[in-house]
Amino acid sequence: MPNYLLVEGPEQGVQLLTLNRPESLNALNTEVLRNLSEALDDAEADPEVHAVVITGSRKAFAAGADISEMAARDLVGILEDPRVVHWERIARFTKPIIAAVNGFALGGGCELAMHADILIAGENARFGQPEINLGIMPGAGGTQRLARKVGESLAMHMALTGEPIDARRALQAGLVSEICQPELTIEKAIQIGRTIARKAPIAVRLTKESVRKANDMNLAEGLRFERHAFTVLAGTADRQEGLDAFREKRRPHFKGQ
């Protein structure tokens, strides 16, 4: 089977995953998602990986799902779509994911970008859910995640018209956290990953989980989860190391314990 994913690192705690299907602008077929899912399995198990950066090419992060593959599936084929398992695996990844997006992030590409915890966009980035133009709708989180990230009105506009937004609009809407020159996008994402990699791993994991819970719980439930996670960290050696390092005016050396 072809490997549509380039894996580099980890280096300084960060692993770089590059979508590599240039002939189709990184369209997300089953093999691409399988390669990505398997790479995240490996990254999850590797104690040297503290953060993952996912990127594509300068022209396209991922221009959508593979239309030919999709067209070959009838109702039963969609119902039993093997890609669902891979999407669920990406969503379950416990370490931070940073997406470095240049060019097109459309359909499944936009949905993949929204699976990231931090999204860095090149000035040439375009985000959209154009499925409505094919007589279908987003099916990998493009209605649910988009509405949570940019609000209902803009999500409706994007999903119902199929019109994309540019990087500036994405920043204003809260979809991305920073805009860079396209040639600096990956470098910036890796920098952020290295910053995270220097933090206490258990604290990073619980912080990610707690922020994600804000979309799944009401405020009272979310605050209870946050307080529970905060209390759990009181029993870690890294917490004591962090406090000692602060008092001693030195850099902490976290061990994930």
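Let's start with methionine 156, which is partly exposed at a relative accessible area of 43%. This is a predicted model, and methionine 156 sits in its helix α7 (residues 152–161). Together with Ile132 and Leu160, Met156 makes up a nonpolar surface patch of about 280 Å² accessible area.

**Helix α1**
- Helix α1 covers residues 30–45 and spans 23 Å between its first and last C-alpha, close to the expected 22 Å.
- Its N-terminal end is capped by asparagine 29, with a side-chain oxygen 3.2 Å from the backbone nitrogen of glutamate 31.
- Buried residues of α1 include Val32, Leu33, Leu36 and Leu40.

- Within α1, arginine 34 and glutamate 31 pair up at 2.1 Å, N to O; they are 3 residues apart, about one turn of the helix.
- Glutamate 31 is buried at 16%, whereas arginine 34 is partly exposed at 22%.
- Aspartate 41 bridges to arginine 89 at 2.5 Å, a link from α1 to helix α4 (residues 83–92) across 48 residues.
- Glutamate 44 also forms a salt bridge with arginine 89, at 3.1 Å, so this pair ties together parts 45 residues apart in sequence.
- Through shared partners, Asp41, Glu44 and Arg89 form one network.

- Aspartate 238, in helix α12 (residues 237–247), is buried without a salt bridge, and lysine 255, the nearest oppositely charged side chain, is 7.7 Å away.
- The aspartate 238 side chain does reach the backbone nitrogen of glycine 256, at 2.8 Å.

Conventions
Residues are numbered from 1 along each chain as its sequence is written. This is a predicted model: local features need pLDDT of at least 70, side-chain atom pairs count only at pLDDT 80 or more; totals for chains, interfaces and linings use all residues. Side-chain values use heavy atoms; hydrogens and water are left out. Helices (H or I, at least four residues) and strands (E, at least two) are DSSP runs, numbered from the N terminus. The expected span of a helix is 1.5 Å times one less than its number of residues. Buried means under 20% relative accessible area, exposed over 50%, partly exposed in between (1.4 Å probe, protein chains only). A polar contact is a pair of N or O atoms within 3.5 Å; within protein, one must be able to donate a hydrogen and the other to accept it, and residues adjacent in sequence count only if both atoms are side-chain atoms. Patches are made of residues with over 30% relative accessible area and no salt bridge: like charges are joined within 9 Å, nonpolar side chains (Val, Leu, Ile, Met, Phe, Trp, Tyr) within 5 Å. Accessible areas come from the Shrake-Rupley method with a 1.4 Å probe; for residues, only the protein chains shown count as cover. A salt bridge is a side-chain nitrogen of Lys or Arg within 4 Å of a carboxyl oxygen of Asp or Glu. Lys and Arg count as positive and Asp and Glu as negative; His and the chain ends are not counted.
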